[in-house]
Amino acid sequence: MAFISDTLSRVKPSPTIAVSNLAAELKAAGKDVIGLGAGEPDFDTPDHIKAAAKAAIDAGKTKYTAVDGIPELKQAICAKLKRDNGLSYEPAQVSVGTGGKQILYNALMATLNPGDEVVIPAPYWVSYPDMVLLAGGTPVSVEATLENDFKLTPEQLEAAITPKTKWFIFNSPSNPTGAGYSHDELKALTDVLMRHPHVWVMTDDMYEHLSYEGFTFCTPAEVEPGLYERTLTCNGVSKAYAMTGWRIGYAAGPKELIAAMRKIQSQSTSNPCSVSQWAAVEALNGPQGFLDDWRKVFQRRRDLVVSMLSKIDGMTCPTPDGAFYVYPSIAGLIGKTTPTGVKIENDEIFAKALLEEKGVAVVFGAAFGLSPCFRVSYATSDEALTEACTRIQDFCASLS
Ligand SMILES: Cc1ncc(COP(=O)(O)O)c(C=O)c1O
């Protein structure tokens, strides 16, 4: 009898973390590597947020807190949801966890029974299907193709729903494509969901504040108030406020679900870090002006990467609406061979050869459920991006 559980045998380790680790190892071994794999802003956490954390330490706010968040943070989250999204929640409808990741995991653990299906548009954030598997459910992936700007159509959603569907996971702007759904596009999806009252919506709004010119962020319960009672609106401070290491994520939804999520957290990790919670209060209640400056920097980098990768024969690089990723297709390069004789049969081989031959680390598309593509994270300096894109251009030009 195997010692490790059967459930775990179905789950893969995170490929994005694996790419970052490999790039770090190669760098440590002295190789000139540019890492475009990481999913975190390269900015530092703003000083006023750090100051709030230091003040919390000095004030002795270093003990256990309420399992799913201090009242001050829950209030700040309610105020944020009202201010930015027009959504009314009270603190009892809010849960705070150790990162957005724990929040999503708690919600799936709290609701899935064997056989329950979760509809996930692909390409998806790598953790969704594996979290569903860990929670005993069945991920149902539906391909949102390049031809439709990596967005799910209402017809596809309709076709994917069965009597066993429990959740629809929605993520806009998306990791890995940066695709964002307009109000009308989202409304077309929520119209489908209104016809299926047994399906709940888990919306992952992590990249809300990383939305660029011409795109206005919207979230399902805002676009269709009829879904409020069966929507879990998830968000966090990791990406927007450059706070990935602080580990604070949150969700708002029906009280019964929030209570079930609290029960799981109470028997696993208990409260998220007390000091980080005070930092998150400041992030949400404090000045927001710097977000505009960051957005401008990210948009400039996006345009730099898209323009350089679009020049490559055989590559198609759509312009994303948000987040800090681009997701080019390499359909036109499949079947070619590198100067060292490696045949590019798929995106995993492409990414490996690019790393070995040019020292550029990207994440292959199969990890996100849609090939043949790769993900570039442009949350790094303009200089590094220019050098990396030049190397990608050279690499692709060298294929025959
Ligand atoms: C779409 C999406 N959701 C959730 C998360 C998790 O965020 P956190 O670092 O707060 O756990 C990430 C992080 O990469 C993400 O890209």
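A: The model considered here is predicted.

The account may now turn to strand E2, made up of residues 94-97. In E2, Val 94 and Val 96 point one way, while Ser 95 and Gly 97 point the other way; all of them are buried. Strand E2 pairs with strand E8 (residues 249-252) in the antiparallel sense, over 4 bridges. Within this pairing, Gly 97 stands opposite Gly 249 in E8.

The loop between strand E7 (231-236) and E8 holds Arg 247. Although Arg 247 is not a glycine, its phi is positive, at about 65 degrees. Arg 247 counts as buried because 21 other C-beta atoms lie within 10 Å, and the limit for a buried residue is 20 or more. A second residue of this kind is Ser 270, which is not a glycine and has a positive phi near 60 degrees. Ser 270 is located in the loop between helix H10 (255-266) and helix H11 (274-285). Ser 270 has 13 C-beta neighbours inside 10 Å and is therefore partly exposed.

Two peptide bonds also deserve attention. The bond joining Ala 122 and Pro 123 is cis, with omega about 5 degrees; Pro 123 belongs to the loop between strand E3 (117-122) and helix H6 (127-134). The bond from Ser 172 to Pro 173 is likewise cis, with omega near -10 degrees. Pro 173 sits in the loop between strand E5 (165-171) and helix H8 (183-194).

Thr 316 is partly exposed because 15 other C-beta atoms lie within 10 Å. Apart from residues up to four places away in sequence, Thr 316 touches Leu 146, Pro 328 and Ser 329.

Strand E9 takes part in an open sheet of 3 strands, arranged in the order E9-E12-E11 with antiparallel pairing. Its edge strands are E9 (325-326) and E11 (363-364), each of which pairs on one side only. E9 and strand E12 (residues 374-377) are paired over 2 bridges in the antiparallel sense, and Tyr 325 stands opposite Ser 377 in E12.

Ala 361 lies in strand E10, residues 360-361. Ala 361 is buried because it has 25 other C-beta atoms within 10 Å. Leaving aside neighbours within four places in sequence, the contacts of Ala 361 include Val 19, Leu 22, Val 33, Ile 34 and Leu 355. By contrast, the C-alpha atoms of Ala 361 and Gly 136 are separated by 33 Å, and these residues are 225 residues apart along the chain.

Finally, an unreviewed UniProt entry annotates residues 31-392 as "domain: Aminotransferase class I/classII large". This span, residues 31-392, is 38% helix and 14% strand, and its end C-alpha atoms lie 17 Å apart.

Definitions and conventions:
Residues numbered from 1 in each chain as written. Predicted model: local features only at pLDDT ≥ 70, side-chain atom pairs only at ≥ 80, totals over all residues. UniProt positions renumbered as here; feature names shortened; annotations may be inferred. Pairing = 2+ DSSP bridges. Buried ≥ 20, exposed ≤ 12 C-beta atoms within 10 Å, placed from the backbone. Contact = placed C-beta atoms within 7 Å.
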